[in-house]
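Here is a brief report on pockets and aromatic contacts. Take a look at the model first.

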Amino acid sequence: MTIPFSGGELRPLSQDDAPAIAALINDRNIWLQLRDMVPHPYAIEHAEAFLSRVRSNPLVLGITTAQGLAGVIGAYPMSDVEHAGAELGYWIGAPFQRRGLASGALRAFVPFVFRVSDLTRLQACVFEGNAASMSILTRCGFTAEGILRKAVTKDGRTLDMHVFGLLRNELQGGD
């Protein structure tokens, strides 16, 4: 199963992607925008462990171009009273940035998620200062829902976290 979009496609990840994931995500600038569950430096063993963890989640896909794996996008189901939602996360490796891949991947991924799941909500949390990701989410139909003031600490800095959401019925052609 692949999902094409302008400039690339989404496809399931495999253990063979570990070297590419390790090489691309082992970038301090990317790490600064991700949750601390992603270590830095990032070794191939980390990529292998990540791939083992997400194997059972069909909502985690590779973002690929003709040059190979460019990043990862995923929806991670929430639990307890938030079980109808999932947290959206994505990253694009530095050699592939500023090509429209994140926007293209997101526009292809969101309808897929709502088509294959019973989720009613996707949310993305973006650290203060990541204007590019905030812009991508807004252009792709997400609503800026609020700012959790000084809610995260990353690399010794306490930052605001911006929350963006998209409901199934807000998607063009959604239920």
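## Second largest pocket

In this predicted model, the second largest pocket is lined by Met1, Pro12, Leu13, Ser14, Gln15, Leu51, Val54, Arg55, Asn57, Pro58, Val60 and Leu61. Its volume is about 160 Å³.

Two elements, α3 and β3 (60-65), each give at least two residues to this lining. By class, the lining of the second largest pocket has 8 nonpolar, 3 polar and 1 charged residues.

## Largest pocket

The largest pocket holds about 1200 Å³ of space. It is lined by 47 residues. Closest to its centre are Gln33, Leu34, Gly89, Tyr90 and Trp91.

Elements that supply two or more lining residues are α1 (18-25), α2 (28-31), α3 (44-54), β4 (68-77), β5 (85-92), α4, β6 (121-127) and α5 (131-139). The lining of the largest pocket divides into 29 nonpolar, 10 polar and 8 charged residues.

## Aromatic pair

The count is 1 aromatic pair. Phe109 and Phe112 form this pair, with 6.3 Å centre to centre and 40° between the planes. That geometry is tilted.

Both residues belong to helix α4 (residues 101-116). Phe109 and Phe112 are 3 residues apart there, about one turn of the helix. Are these two side chains buried or exposed? Phe109 has 0% relative accessibility, so Phe109 counts as buried. Phe112 is also buried, because its relative accessible area is 7%, and the cut-off for buried is under 20%.

## Charge over a ring

Lys154 lies over the face of Trp31. The distance to the ring centre is 4.0 Å.

Key. Residues numbered from 1 in each chain as written. Predicted model: local features only at pLDDT ≥ 70, side-chain atom pairs only at ≥ 80, totals over all residues. Heavy atoms only, no water. Phe/Tyr/Trp six-rings, centres within 6.5 Å; stacked < 30°, edge-to-face > 60°. Helix = DSSP H or I, 4+ residues; strand = E, 2+ residues; numbered from the N terminus. Buried < 20%, exposed > 50% of the residue type's maximum accessible area, 1.4 Å probe, protein only. Lys NZ or Arg CZ within 6 Å of the ring centre and 35° of its normal. 1 Å grid on protein atoms, 1.4 Å probe; cavity = no way out; pocket = protein on both sides within 12 Å on 5 of 7 lines; lining within 4 Å. Points joined across faces, edges and corners; volume = space filled by probe spheres on them. Nonpolar A, V, L, I, M, F, W, Y, C, P; charged D, E, K, R; others polar.
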